[in-house]
Amino acid sequence: MRNFRGRAIALAAIAAAALMIAAATSSAAELPTEPKCEFIAGPGSSECMLPFPDDYYTKLDPTSPTGRRIDFRELATPTNAASQHIEVAPYNAGDGFSPGSVIALKVPGIETAADVKAMKAVPINHLSRYDSANAPVVVIDTSTGQRWPIWVEIDSTVKAEKANLEIHPAVNFTSGDRYIVALRNLKNAKKEHLQAPAGFRTYRDNLPSSEEKVNERRAHFEEIFSTLQTAGIARSSLYLAWDFTVASDENNTSRELSMRNEAFATLGDGNLADGVVEGTSPTFAVTETTNEPNPGEIARRVKGTFVVPCFLFPSCAPGGTMLLNLEGKPIQDGVWTANFDCIIPVAATTGAGESARPSLYGHGLFGSASEVASGPQRSLSQAHDIVQCATDEIGMSETDIPSVVQALQNLSSFPKITDRLQQGLLDELYLGRAMISSSGFQTNAAFHQDGTLATPSVLNTSDLYYNGNSQGGIMGGALTAVSPDFTRASLGVPAMNYSVLLPRSVDFDTFASILYPNYPDEEARPLVFDMMQLLWDRGEPDGYAARMTTNPLPDTPAHQVLLDIAFGDHQVTDYQADVEARTVGASAHRPVLYKGRWPMTNVLWNVPTLQGYPFTGSAAYTGTSDRFAKARPDRANSSAPNRRRMKTCPTAAAKTRTERRARLPPSSSSCPTSSTERSRNRTTATTGRATPGRSPARNAQATGVSPGAAQAAPGAAAPFGSSLGRSGKRAFEKESAA
Ligand SMILES: [Ca+2]
């Protein structure tokens, strides 16, 4: 509670300003301008930092790649239940807003889905309408003058009077570009034409003001009106218009790249784009070897540790955060001992040596490395002779749960999550290097065919691969973008932009039960998520997506990803998988779905159709297309059960009837069980069921196996740890009770 007195005075000033606004004057003279409260949408919004994002919360900075610098004021940020604001220093290092920003604002009179429909704004299921001549909500990229693909919805997770209007990018905004948001000719479900807010009319209608801080923005708004005019948007039609600048790729990726480059230079590899493994392996130790844990499938499970340069203080244990040098790069703080857990399939221990393809495995939500030994991974490894190794995805592993609980109570702690996620990516890169280095795992007896050095190593070290599911499919996208050692990744149940995934996921209940009571202003919710995303972008794929595939980051090879999307997923929403597919430049297998499977929705809109097989670029694939089943005689009988598994969720009543009839205990399937949960997926177009698992065949595609060569895998449909596991839930309950 530093500087309490100053804060109290400033708060009183804001309150006084708010009161003057509430006095219903249309004069601009009394608009509150400090501490960087946006006033164009006032009165009518209780949150200081709405609309968001907005360049009003930035300042000029000729030294930054975008020419701007985030300039949040602590007193402007939302408060938690203990009236604590969010510390702004971590944000103010940024040079712009998230490429996945959800544009959020309060529009009095637009409060329900019916209002949004009456507006005729572009809906989530018909994205092509973003370009319609009379679109009431338009986002223009000022570098091209063109409209950006978006969809518009209402925040349906809160009371109507608190609901923000949300404008989502259908493909990530371009880094470094400036965008203008314009709302015009707004009409709600009551057929009321909405009047522009007083603050904005000051600029639109050139109303006089005696306030310097109001007047100094006039030239800026004139430029916005002029750009909009060129784009065919009349000034007089405007309800509101403003602009924001998207952060540079450097802003989001340079910390990770700096850590990576420094860490690999320590090993003796100074060129990470050349595909040549130089220098030595990370130091590692095998601590536990189990022979034949799954007879006939897994010959050996090998656990151990490896040493990674640490970039967190006071250590890389949970709760550590970065210290930056004058160039804004993380400073090394000794080393950290990370864990690994590997499975060696029987297939690798018979026949010729050095046959198994090494693949990193990325585990599910707040899980751990041990998920590598789950059923689906075992059958994948055995069917395709793949050695899979995982390390805890620290930052979002089981060990981070206490930090997460702390951050949900006070978001000033959020860097403990996002900084550690970046260390976690480095851990995974180092593990991958140990898997393929000539002085790495292949020198250890545990990775030889019979467990002694008398027999050959099982590892074919010519290539490394990545395979992850759910959180591992999400985080794997960021990892892929910075990976020097694998260039092909299978991302199972992928998507990006955690801040959008969270409120759409049935898994978020546990987290929301802490976050929401601690940040009780429902109007601030989209803002809180948007702010979190600014930090998250450095540790999850949203900040890396544009550089994940054919346009690689500096000193990094190009990559290919297979986005293996689970149709109708209530944990990882398909809509954000589609955003990722568009942003990384994937092509899609078509038809995307069985005919009639999801009417009235253009799934994977604007993703180019895959032209023939075999296809070697990046691809998106949704789990209910029957093309592969038809193309594969070996799976001719498997399409029927697959269809059954994918069928629409039963109603609650029907489910209870079925369960009673079959004398089953009440189910805990991934189908939504209440109207609340149903409403979470904000479209009415589907209540499709989460895919319980993926076939090894589909996972195998990114590791270079043609679908036809893959074996069907009966019984491989176990969950992939997509949801928060039982132990994770227990840990959360324990932490939040403490
Ligand atoms: Ca190299």
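Select P614, which lies in the loop between strand 18 (587-588) and strand 19 (619-622). Strands here are DSSP runs of E with at least two residues, helices are runs of H or I with at least four, and both are numbered from the N terminus. Display the backbone: Y613 and P614 are joined by a cis peptide bond, with omega about -5 degrees. Most peptide bonds are trans, and most residues other than glycine have a negative phi.

This is a predicted model, in which local features need pLDDT of at least 70 and side-chain atom pairs count only at pLDDT 80 or more, while totals for chains, interfaces and linings use all residues. Residue numbers start from 1 along each chain as its sequence is written.

Go to P51, in the loop between helix 1 (4-22) and strand 1 (58-60). The peptide bond from L50 to P51 is cis, with omega near 0 degrees.

What does L527 touch, leaving out residues up to four places away in sequence? The list is E47, M49, L50, F52, P78 and A104; contact means that the C-beta atoms, placed from the backbone, lie within 7 Å. L527 and F52 are 475 residues apart along the chain, yet their C-alpha atoms are separated by 6.7 Å.

Is L527 buried or exposed? L527 counts as buried because 25 other C-beta atoms lie within 10 Å. The cut-offs are 20 or more such atoms within 10 Å for buried, 12 or fewer for exposed, and partly exposed in between, again with C-beta atoms placed from the backbone.

**Two residues with positive phi**

Select S83, in the loop between strand 2 (68-70) and helix 2 (89-92). S83 is not a glycine but has a positive phi of about 60 degrees. S83 counts as exposed because it has 9 C-beta neighbours inside 10 Å.

Next select K191, in the loop between strand 8 (178-184) and helix 4 (198-204). K191, also not a glycine, has a positive phi of about 65 degrees. With 7 other C-beta atoms within 10 Å, K191 is exposed.

**The helix 7 and helix 11 pair**

Two packed helices are described by the angle between their axes and the distance between the axes. Select residues 249-267 for helix 7 and residues 415-436 for helix 11: the two pack at an angle of about 35 degrees, with axes 10 Å apart. The axes are lines fitted to C-alpha atoms over the stretch in contact, and angles run from 0 to 180 degrees between N-to-C directions. Helix 7 passes helix 11 in a right-handed crossing, that is, the near helix is turned clockwise from the far one by less than a right angle.

Show side chains on R255, E256, M259, R260, A263 and L267 in helix 7, which meet Q422, L425, L426, L429, Y430 and R433 in helix 11. The residues of this contact divide into seven nonpolar, one polar and four charged. In this grouping Ala, Val, Leu, Ile, Met, Phe, Trp, Tyr, Cys and Pro are nonpolar, Asp, Glu, Lys and Arg are charged, and the others, Gly among them, are polar.

**The core**

Select I150, L240, I344, C389, L563 and A620, which touch the most other members of the largest nonpolar core, a set of 184 residues. Such a core consists of buried Ala, Val, Leu, Ile, Met, Phe, Trp, Tyr and Cys residues joined through C-beta atoms within 7 Å. Helix 11 supplies the largest share of this core, 10 residues. Zoom in on L240: beyond four places in sequence, L240 touches I40, A41, L183, A196, P197 and F200.

**Two last stops**

Select E393, in the loop between strand 14 (386-390) and helix 10 (401-409). E393 is buried, with 31 other C-beta atoms within 10 Å. Leaving aside neighbours within four places in sequence, E393 is in contact with G362, H363, G424, Q471 and M475.

Finish at T305 in strand 11 (residues 298-309). T305 counts as partly exposed, with 16 C-beta neighbours inside 10 Å.

How values were computed. Two residues are in contact if their C-beta atoms, placed from the backbone, lie within 7 Å.
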